[in-house]
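Trainee: Hi! Could you walk me through this structure?
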Amino acid sequence: MKGKKSFISYGRVFILFAFLSLAACATTRSDTYVDPNMDFGIIKTVAVMPLGNLTRDNLVSERVRDVLIHSLLATGAIYVLPPGEVAKAVVRAEIQNPAAPSSAEVVKFGEITKVQAVITGVVREYGEVRSGATFAPVVSIGLQMIETETGKTVWTASSTRGGVTVWHRLFGGGGEPMNVITEKAVNDLINKLFK
Amino acid sequence: MALHGREWPRPFLIGMLVLFLPMIALAKEENFGVSEKGKSPLRVAIYPVENLSSSHAPLNDIRRILKEQLSGRGVEVLGEAALETFMARHRIRYAGGIDQATAMALRNELRVDALLLTTLELYDEVRPPKIALFARLITTDPSPSIVWAEGIGLSGDDAPGLLGLGLIEDPGALMKKALNFLIGSLTRALSAHTATERRERSSRARFAPTIAYKAPFVEADRTYKIAILPFLNRSNRKYAGEILALHFMRAFQRFDLFETVEPGMVRHQLLGLRVILEEGLSLAHADALFAALDADLLVHGRVMAYEDVQGGGGNPRVDFSTLLIERKSRKTVWASTSHNAGDDGVLLFDWGRLKCAHALASQMVQSIGEKIGGKGTSAKAIKIVRGLSKDSL
């Protein structure tokens, strides 16, 4: 009887050890890149370029860009150039695709506008997703920050918010409004930038 | 005091005095167009109604009612023939604003003291009917200034009351209600005898911008001349950019901090300087406009949604972003994102539900104004209009 009991307790220790060993094999999956040599303290003014749009709604990138500009300003840490001034500088710098400028174009843009960094990005998903009879809004945004002095990418991050959850499957409902989800995704990205 | 040998009690006399004094004041207020010393009445021209509703609407009826109501209150309204001749002679096609040259011409050629401009934002006859209007009074000074601005958005089912007895199903009745409100507001503002401050109701917290940035730019004891540019329209609603600019004009007019530039002058300068706002306002364009309008601040933005619903179901939706650029620093001093629906914050029985986009946008814009300029009063308008007599003009 006593031998059986000690066998069970050894078994428990073994299972625990096995789980701990498996956890040690896990890798941390991060969607954020930060240049370790970059001093982000020098960035006082940035320009947010028109975002790329991979969705079917043409206005999505403008909407997300507006939220991003205002959220960055609202932090009080960074000044963002007005969108009209960015549009003018894009023309002057002869940038072919403002959503994905080349390093040389970013350097030229920086010389014209005197900004320390440029933020570019893409809206990957914006709208409702369906799973069976359930639907909910979802937003997926990817951003990167490029230093204007060197034209080097110093930070990238992405965020996805919304989507169909267990709660939606069980209790239904259409999720939060699109604007709220967008603000959450943008706030998440800003948190990653300032982390 | 004695009557038939009997003295009236003092409390009774004081009570009568308290009761009748406001009535006397009101009686004087009604005749605001005529000054006390028997000077000639205020001479006002009423421009044709600007139609931003994108629908057929009884524009002539609106203008006729305004004319009748103002004439009935002692204001001398410029005759139709004289105005038509003037507009033809000066080739005026735009009735949504006035520039400096036209204002001067109105004053010199037709002896007009002020111009009443009316804009129809929404006219919907589908049950329940809906109407939204803006109106403003502009002096014909060498530098025309807005002395009064008001707006109203009504739906026939705003206050249905018990058993739906309060429903308004006749579009004409709703239109008259809206016009009565505007004329009442104008009367109060113009009355030289009502010096009491009328504090505007604060906007509700639920209409505040969701994201806002404000730089500390306000200097003490200073008034800022503010020009409001038409917003970029990315919504499905035609003229939403112009409509939102009118909301800002009306809201900012109430704040002591701001002196609002007449939108007609802004339009004139935008055309003159050939400024096309496709992506937003560049600093070079901002500099040119600051100089041309002698403004301290420029308001600009983007409308993403300005939606009214037909009939009784559904909720209006308004979504826009705002930028305020300051002349001295050449920087953005205010940036905000606002989005609301008519039923935001409504928990029970549709209490507090807003049924037209005008009412919703009006609250949202007022909230922005309060965050930038503090609490608004209408005392400023009254003070300015006091100088609007024949002598001063």
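Trainee: Okay, how many helices and strands does chain B have?
Mentor: Chain B has ten helices and 15 strands. Keep in mind that this is a predicted model.
Trainee: Got it. And what percentage of the residues in chain B is buried?
Mentor: Of the 393 residues in chain B, 48% are buried.
Trainee: What about contacts within the chain, how far apart in position are the partners?
Mentor: Take the contacts in chain B with a separation of 6 or more: 71% of them are between residues 24 or more positions apart.
Trainee: Nice. What domains is chain B divided into?
Mentor: There is domain 1, covering 39-196 + 382-386, and domain 2, covering 205-374. In chain B, the C-alpha centres of these two domains lie 22 Å apart.
Trainee: How many residues do the domains put into their contact?
Mentor: In chain B, 28 residues of domain 1 are in contact with 24 residues of domain 2. On the domain 1 side, the elements giving two or more residues are strands E6 (114-124), E7 (130-139) and E8 (146-155) of chain B.
Trainee: Which one gives the most?
Mentor: That's E8(B), with six residues on the side of domain 1 that touches domain 2. By class, that side of domain 1 has eleven nonpolar, nine polar and eight charged residues.
Trainee: Switching topic: how do helices H6 and H9 of chain B pack?
Mentor: H6 (residues 240-253) and H9 (residues 357-373) of chain B pack at an angle of about 50°, and their axes are 9 Å apart. Because of that angle, H6(B) is oblique to H9(B).
Trainee: Is the crossing left-handed or right-handed?
Mentor: H6(B) passes H9(B) in a right-handed crossing.
Trainee: Which residues meet there?
Mentor: From H6(B) you have Leu244(B), His247(B), Phe248(B), Ala251(B) and Phe252(B). They meet Ala361(B), Ser362(B), Val365(B), Gln366(B) and Gly369(B) in H9(B). By class, the contact of H6(B) with H9(B) has six nonpolar, four polar and no charged residues.
Trainee: Last one: how many residues go into the contact of chain B with chain A?
Mentor: Chain B gives 23 residues and chain A gives 19 residues. On the chain B side, the elements with two or more residues include helix H8 (283-293) and strand E15 (332-341) of chain B.
Trainee: Where does the largest share of that side come from?
Mentor: From E15(B), with five residues on the side of chain B that touches chain A. That side has ten nonpolar, eight polar and five charged residues.

Notes
Residues numbered from 1 in each chain as written. Chains lettered and ligands numbered in written order. Predicted model: local features only at pLDDT ≥ 70, side-chain atom pairs only at ≥ 80, totals over all residues. Contact = placed C-beta atoms within 7 Å. Helix = DSSP H or I, 4+ residues; strand = E, 2+ residues; numbered from the N terminus. Nonpolar A, V, L, I, M, F, W, Y, C, P; charged D, E, K, R; others polar. Buried ≥ 20, exposed ≤ 12 C-beta atoms within 10 Å, placed from the backbone. Axes fitted to C-alpha atoms, helices over the stretch in contact; angles between N-to-C directions. Parallel < 35°, antiparallel > 145°, perpendicular 65-115°, else oblique. Left-handed = near helix turned anticlockwise from the far one by under 90°. Domains from an automatic or database assignment.
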